[in-house]
Amino acid sequence: MILTEAPVESVLGSEVKTLALTIKENTANVYREALVNFTATAGDVTSQKTVKIIQFGVEKIIWNEEYYQQERELIISSDANEKLLVATCENINPTDLELKGNTSWLELSQEEGKIYAKVQKNESTNMERKTEIGVKNTKTSVETKVSLKQGMAGYGIVLSKSLWKIVAHSENTNTQYNDGSANKLFDNLWTPDKANEKHVEFWGRNNNDDHAAVPYILTFDLGENPRQYDSFGFMPRLQWTQQAPKTVAIEVSDDLNAGWETAFEKKTGNCFTDAELKGSTNTYNDHYEGIVHWCKLNGVVHKRYVRLYLYESFQGVGKSVSLDEVFASDRTTVE
């Protein structure tokens, strides 16, 4: 910073000096401040003035890539029970940081510009936990917000579904695709009781013709740069689980039109078991406690597209197949 004296001006016979400040380029893009002292003397009178000059750098909040998915949301494991680094702040004075989002299961803190979330393990099998984190610079009033979600017990780190869509499907799923109901498979909503039916039922095969054993086929686009995953999970129709898939196959690819690889091989009975669907009540009815069957893929994959084949339910080949939700997840630390 350079202080220079400009030419003298005359105002009603008195002399006024105009001072100019030249501030050098902030090439480091950092927050900086300076105190400028002005002293003026006229005869026996001396006047002093101190001015603080602040220059802001380019503020950055860098979310931890371990949890930040597709620049959309932070997702942490169901069994996380510790203090996690979720963000690092650049060019923000730590004393100017204000954090929002504390809940009964999450406590935010910051140390020298690093944002931490202390979380408790989620023991629920049928409810995810979600909150919004806010990081505010009180000097500039600039606030950044992001969603933070913790999965259910045993789920590991589920992939964000905010970019998911169905990009291909078989003819026998036309009805569910055209009316939009197939999208309920990844809306992160599942029925909590009998009054809410949020499942999707695929039907349309005739048990008496050659198409009885033709699977229902759906291709999911997980969006650009999805997190790695090693499991694909199925939540059945919780109000009545008998229509859950018994036999499935899964393929993955980075190209919608080529390069498909088998990630989960078709074998009769390779999905849900009857015992899973009936549970301790020994009935298919009313399992709002939540049930998910995880299909362990052939290793950890990082593919954008998932093609799902639904061959049969526990009602038999050629019958309807119903699901409430599907998941892709990294469960390498769970199993």
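**Sheets and salt bridges**

Tutor: This predicted model holds an open sheet of five strands, ordered 6-7-13-12-9, with mixed pairing.

Student: What makes strand 6 and strand 9 the edge strands?

Tutor: Each pairs on one side only. Strand 6 covers 68-69 and strand 9 covers 97-100.

Student: How do you know that strand 6 and strand 7 pair?

Tutor: Count the bridges. Pairing needs at least two, and strand 6 and strand 7 (residues 73-76) have two. Therefore they count as paired. Their sense is antiparallel.

Student: Which residue of strand 7 stands opposite Tyr68?

Tutor: Leu74 stands there.

Student: What is the strand order in the sheet of four strands?

Tutor: The order is 5-8-11-10, in an open sheet with antiparallel pairing. Strand 5 and strand 10 (106-111) are its edges, each pairing on one side only. From one strand to the next, the twist averages 25°.

Student: How do you know that strand 5 pairs with strand 8?

Tutor: Four bridges join strand 5 to strand 8 (residues 83-90). The rule asks for at least two, so the two strands pair. They run antiparallel.

Student: And what joins strand 8 to strand 11?

Tutor: Five bridges do, again against a requirement of at least two. Strand 11 spans residues 114-119 and runs antiparallel to strand 8. Follow Ala87 of strand 8: Trp63 stands opposite Ala87, and in strand 11 the bridge partner of Ala87 is Ile115.

Student: Which residues of strand 5 form the covered face, and which the uncovered one?

Tutor: Ile61 and Trp63 form the covered face, Lys60 and Ile62 the uncovered one. In a regular strand, side chains alternate between the two faces of the sheet.

Student: Now the charges. Why is the contact of Glu143 and Lys100 called a salt bridge?

Tutor: The distance is 3.6 Å, N to O. The cut-off is within 4 Å, so the pair qualifies. Glu143 sits in strand 13 (residues 142-150) and Lys100 in strand 9, 43 residues apart. Glu98, Lys100 and Glu143 are linked in a network of salt bridges.

Student: Why is Glu143 called partly exposed?

Tutor: Its relative accessible area is 29%. Buried means under 20% and exposed means over 50%, so Glu143 falls in between.

Student: What makes Lys161 and Glu325 a salt bridge?

Tutor: Their N to O distance is 2.8 Å, and the limit is within 4 Å, so they count. Lys161 lies in the loop between strand 14 (157-158) and strand 15 (165-169), and Glu325 in strand 24, so the pair ties together parts 164 residues apart in sequence. Both Lys161 and Glu325 are buried.

Student: How do you know that Asp330 is buried?

Tutor: Its relative accessible area is 5%. Buried means under 20%, so Asp330 is buried. Its side chain meets that of Arg227 in a salt bridge of 3.3 Å, N to O. Arg227 lies in the loop between strand 17 (216-221) and strand 18 (229-236), and Asp330 in strand 24, so the pair ties together parts 103 residues apart in sequence.

Student: How many salt bridges does this rule give?

Tutor: The count comes to 13.

Student: What makes Thr333 exposed?

Tutor: Thr333 has a relative accessible area of 60%. Exposed means over 50%, so Thr333 qualifies. Thr333 is found in the segment after strand 24 (321-330). Thr333 and Gly154 are 179 residues apart in sequence, yet 9.7 Å apart in space, C-alpha to C-alpha.

Key. Residues are numbered from 1 along each chain as its sequence is written. This is a predicted model: local features need pLDDT of at least 70, side-chain atom pairs count only at pLDDT 80 or more; totals for chains, interfaces and linings use all residues. Side-chain values use heavy atoms; hydrogens and water are left out. Buried means under 20% relative accessible area, exposed over 50%, partly exposed in between (1.4 Å probe, protein chains only). Axes are lines fitted to C-alpha atoms, for helices over the stretch in contact, and angles run from 0 to 180 degrees between N-to-C directions.
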